[in-house]
Amino acid sequence: MKLEMVGMVDPSHEQAKRPVSAALAGPYGHPFHPILVTVPIGAWVGGLVFDIAAHLVRDPDFLVRGAMWLIALGVIGALAAALVGFLDLFAIPPGTRAFRVGLVHMTLNLLVTAAYAGNFLWRHTDHRLAAGVGGGMLTLNAVSLVVLGISGYLGGKLAYRYGVRVADETTQAEGFVPTHRPPGPTG
């Protein structure tokens, strides 16, 4: 259903702004999912940086091991983010464009998390890592990060275009009320 009139809002849109469970997903206007996703993103970007740096030093062992544990940390963080992300998805009315975007976002994130879990297991069982990270592991790391970027774009679309779990404009307007009176003309 396309909304033709300016200012006409489908009531189901407001449903997507409210948490299914404030205790688990975060209170109205302050969801936990966006802050939790910073853990896997940072860990996985750091892991890729370590993988690349491992090709530039004489003794790459510490970087290769560091990348492996950053990947593991990212998987754990992604699972935590997914739990609250599911709750945010359940707040979106099914059959809407926002819900479809949310499903693609979730699917890509689960695929990326599975790829990184596989990458960790591959590294953990490969005893030749002291010589450096192989091209396959590096490629899997980089491709997974690209897919994560696409999924992040979709997550941004959910929040910034569709307003999922974002406070309504009336609530947002509270932040723009002057807290003091500007000085008036003198004289």
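Tutor: A patch is made of residues with over 30% relative accessible area and no salt bridge, where like charges are joined within 9 Å and nonpolar side chains (Val, Leu, Ile, Met, Phe, Trp, Tyr) within 5 Å. The model is predicted: local features need pLDDT of at least 70, side-chain atom pairs count only at pLDDT 80 or more, and totals for chains, interfaces and linings use all residues. Residues are numbered from 1 along each chain as its sequence is written, and side-chain values use heavy atoms, without hydrogens and water.

Student: Which residues form the nonpolar patch on the surface?

Tutor: Ile52, Leu56, Val57 and Phe62 form this patch, and together they have about 430 Å² of accessible area.

Student: Why is Leu56 called exposed?

Tutor: Exposed means over 50% relative accessible area, buried under 20%, and partly exposed in between (1.4 Å probe, protein chains only). Leu56 has 70%, so Leu56 is exposed. This residue, Leu56, lies in the loop between α4 (38–54) and α5 (61–90).

Student: What makes the pair of Trp44 and Tyr116 stacked?

Tutor: Rings of Phe, Tyr and Trp (its six-membered ring) pair if their centres lie within 6.5 Å; planes under 30 degrees apart count as stacked, over 60 as edge-to-face and the rest as tilted. The ring centres of Trp44 and Tyr116 are 4.1 Å apart and the planes are at 10 degrees, so the pair is stacked. Trp44 in helix α4 and Tyr116 in helix α6 (residues 97–125) are 72 residues apart, and the pair links distant parts of the chain.

Student: How do you know whether Trp44 is buried or exposed?

Tutor: Trp44 has 1% relative accessibility and therefore counts as buried.

Note on methods:
Areas by Shrake-Rupley, 256 points an atom, 1.4 Å probe, with all protein chains shown as cover. Salt bridge = Lys/Arg side-chain N within 4 Å of Asp/Glu carboxyl O. Helix = DSSP H or I, 4+ residues; strand = E, 2+ residues; numbered from the N terminus.
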